[in-house]
Amino acid sequence: MSGLIEGYLGVTEEGKKSKMPAKLDYYQSATGLFLGLFMWGHMLFVSTILISKDFMYTVTKMFEGSFLFEQPKPIIVTIAVAFVFTIFIIHAMLALRKFPTTYKQYKVLKVHTVALNHDDTKLWFIQAFTGFAMFFLGSVHLYILMTNPDKIGPYASADRIVSDWMWPLYILLLLAVELHGSIGLYRLSVKWGWFDGKDAKATRVKLKKAKWVITAFFLILGFASLAAYIKIGIEHKANYGEKYQPTTSISQTYVYDYKGVLS
Ligand code: HEM
């Protein structure tokens, strides 16, 4: 606790300049980097529905340990979500330090933003706003998945999106996370100078372009996936709750003899 107070005041109990703000900043960057990269993998996983229901089903079962155990173990998903949820909460807690906490502070920030008219300051505002929205939107999604790990799949996910009314939340969450994530990764690259070349200004222009390309790519992929789940969810409405039966099973290996007979 004294560490947090030290971080807030910027001085140690002995009156020396505290290293705590730098440490907290580092943890915020590290948790943000983890979440940003995790989201790239996550969106690719969710978009497997665009290839086929069977493919999405196969990937889902892999996350339940199908390659290790005969019976799927949804508890693995619960543990993975709990881990991501913890990082998400730590990241949000660390970000709280940077939020304006009074209307006066907010006004000062706004006046500076207008006066500076700098793109990166505007990006900071978008990031703060989308981050705030994700406190609520992200927590709902993570809690539901953590407590329903066996209800992920082509039908279960589509039913959740349509019949359980998750689609409005996902539209907002998708917009928030894609803006927040790519701005965050851009700001990390600038802050820590990961891709710095000889001309820092030119690097920044390139990074900003890359940021928009990445945002557009994941938004298109995300909305296309959401549309696919919504279509399946509408078609499956009458059979809400029914589990998907794959047309080709990953746990079964079929052996054909030379006459083509299944044994
Ligand atoms: C281990 C943690 C996570 C797992 C297992 C997971 C899993 C899933 C699954 C299965 C879907 C498909 C819809 C559904 O079944 O309800 C989905 C959609 C989505 N998730 Fe996650 N998620 C995780 C973390 C996150 C986080 C941290 C965020 C952002 C804060 C997020 C944002 C979204 C969004 C925006 C969608 C809708 C995307 C679309 O349909 O295109 N997820 N997630």
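Start by selecting H141 and the ligand: a polar side-chain atom of H141 lies 2.9 Å from a nitrogen atom of the ligand. A polar contact here is a pair of N or O atoms within 3.5 Å; within protein, one must be able to donate a hydrogen and the other to accept it, and residues adjacent in sequence count only if both atoms are side-chain atoms.

Before you go on, some ground rules. This is a predicted model, in which local features need pLDDT of at least 70 and side-chain atom pairs count only at pLDDT 80 or more, while totals for chains, interfaces and linings use all residues. Residues are numbered from 1 along each chain as its sequence is written, and side-chain values use heavy atoms, with hydrogens and water left out.

**Stop 1: the iron atom**

Which protein atoms are donors to the iron atom of the ligand? They are NE2 of H42 and NE2 of H141, lying 2.0 to 2.1 Å from the iron. Donors are N, O and S atoms within 2.8 Å of the metal (3.2 Å for Na, K and Ca); water is not among the atoms, so sites may look incomplete. The six donor atoms around the iron subtend angles of 85 to 179 degrees, so the arrangement is octahedral. That label asks for six donors with opposite ones over 155 degrees apart and all others between 65 and 115.

Colour the chain by helix and you will see that the pair links distant parts of it: H42 sits in helix α2 (residues 20-46) and H141 in helix α6 (residues 119-147), 99 residues apart. Helices here are DSSP runs (H or I, at least four residues), numbered from the N terminus. H141 counts as buried because its relative accessibility is 13%; buried means under 20% relative accessible area, with a 1.4 Å probe and protein chains only.

**Stop 2: the shell around the ligand**

A polar side-chain atom of R160 lies 2.7 Å from an oxygen atom of the ligand, and a side-chain N or O atom of Y170 is 2.5 Å from a ligand oxygen atom.

**Stop 3**

Move to D120, in helix α6. D120 is buried, with a relative accessible area of 12%. Its side chain is joined to that of R204 by a polar contact of 2.7 Å. Beyond residues up to four places away in sequence, D120 touches Y186, R187, R204 and K208, where contact means heavy atoms within 4.5 Å.

Next, pick K208 in helix α9 (residues 200-235). K208 is buried too, at 19% relative accessible area. Apart from neighbours within four places in sequence, K208 is in contact with D119, D120, L123 and Y186.

**Last stop: the whole chain**

Zoom out. The protein chain has nine helices and zero strands, and its C-alpha atoms fill a box of roughly 80 × 40 × 40 Å along the principal axes. Buried residues make up 38% of the 263 residues.

Terms used
Helix = DSSP H or I, 4+ residues; strand = E, 2+ residues; numbered from the N terminus. Buried < 20%, exposed > 50% of the residue type's maximum accessible area, 1.4 Å probe, protein only. Tetrahedral: all angles 85-135°; square planar, octahedral: opposite > 155°, others 65-115°.
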